[in-house]
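Biologist: I am new to this structure and would like to go through it slowly, one question at a time. Could you set it out for us first?

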Amino acid sequence: MRRRTGTAAETARILAYLAGQSARQCGPCQFGLPAVAEDFALLAAGRAAPDLRSRLHRRSALLPDRGACRHPDGAARLAASALRTFADDVDRHLTHGACPAAHRRQIPLPPATPPEHWR
């Protein structure tokens, strides 16, 4: 079986992209998505606090059904799914820090910054 690499980093990149593309019209998009994306970035970089896993579970559970649209719901499902599906990788990042694959991009994404007209 092929070993997954860079799953935390790729999830962090996707979450940063989703946070950057939100309309920022509600609390979950303005505050929740960026917080979850930042937490995943800390995890991927190996700078996670011991309570990060519980904080990610708590924050991602707060996002669904609270936004003006379903955008934060999908991002929350992605975060929760990654925590569950890549639990072994999350554990390794929490105990041993970032892996060498953390800097290898695998999924093509546009830049995470919002369009100019939103600034």
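Modeller: Before we start, one cut-off will be needed: two axes count as roughly parallel when the angle between them is under 35 degrees. Please keep in mind as well that this is a predicted model.

Biologist: How are H2 and H4 oriented to each other, roughly parallel or roughly perpendicular?

Modeller: The axes of H2 and H4 come within 10 Å and cross at roughly 20°. That angle falls under the cut-off of 35 degrees, and therefore the orientation of H2 and H4 to each other is roughly parallel.

Biologist: Which residues of H4 make the contact with H2?

Modeller: H2 passes H4 in a left-handed crossing. On the side of H2 the contact is made by Pro-28, Cys-29, Leu-33, Val-36 and Phe-40, and these meet, on the side of H4, His-71, Pro-72, Ala-75, Ala-79, Ala-82 and Leu-83.

Biologist: Within what arc do the buried residues of H3 fall, seen down its axis?

Modeller: In H3, the residues Leu-52, Arg-55, Leu-56 and Ser-60 are buried. They line one face of the helix, because, seen down the axis of H3, the buried residues fall within an arc of 120°.

Biologist: Which helices are included in what covers the buried residues of H3?

Modeller: Arg-55, one of the buried residues of H3, has a salt bridge with Asp-39, at 3.0 Å from N to O. Since Arg-55 lies in H3 and Asp-39 in H2, the pair ties together parts that are 16 residues apart in sequence. The cover over the buried residues of H3 includes H2, H4 and H5.

Biologist: Which residues are linked with Asp-39 and Arg-55 in a network of salt bridges?

Modeller: The structure holds 8 salt bridges, and both Arg-55 and Asp-39 are buried. The network that links Asp-39 and Arg-55 also includes Asp-51 and Arg-59.

Biologist: Why are Arg-13 and Glu-10 separated by about one helical turn?

Modeller: Arg-13 and Glu-10, which are both buried, form a salt bridge whose closest N and O atoms are 3.1 Å apart. The separation is about one helical turn because, in helix H1, the two residues are 3 residues apart.

How values were computed. Residues are numbered from 1 along each chain as its sequence is written. This is a predicted model: local features need pLDDT of at least 70, side-chain atom pairs count only at pLDDT 80 or more; totals for chains, interfaces and linings use all residues. Side-chain values use heavy atoms; hydrogens and water are left out. A salt bridge is a side-chain nitrogen of Lys or Arg within 4 Å of a carboxyl oxygen of Asp or Glu. Helices (H or I, at least four residues) and strands (E, at least two) are DSSP runs, numbered from the N terminus. Buried means under 20% relative accessible area, exposed over 50%, partly exposed in between (1.4 Å probe, protein chains only). The arc is that of the directions from the helix axis to the C-beta atoms. Contact means heavy atoms within 4.5 Å. Axes are lines fitted to C-alpha atoms, for helices over the stretch in contact, and angles run from 0 to 180 degrees between N-to-C directions. Angles under 35 degrees count as roughly parallel, over 145 as roughly antiparallel, 65 to 115 as roughly perpendicular and the rest as oblique. A crossing is left-handed if the near helix is turned anticlockwise from the far one by less than a right angle, and right-handed if clockwise.
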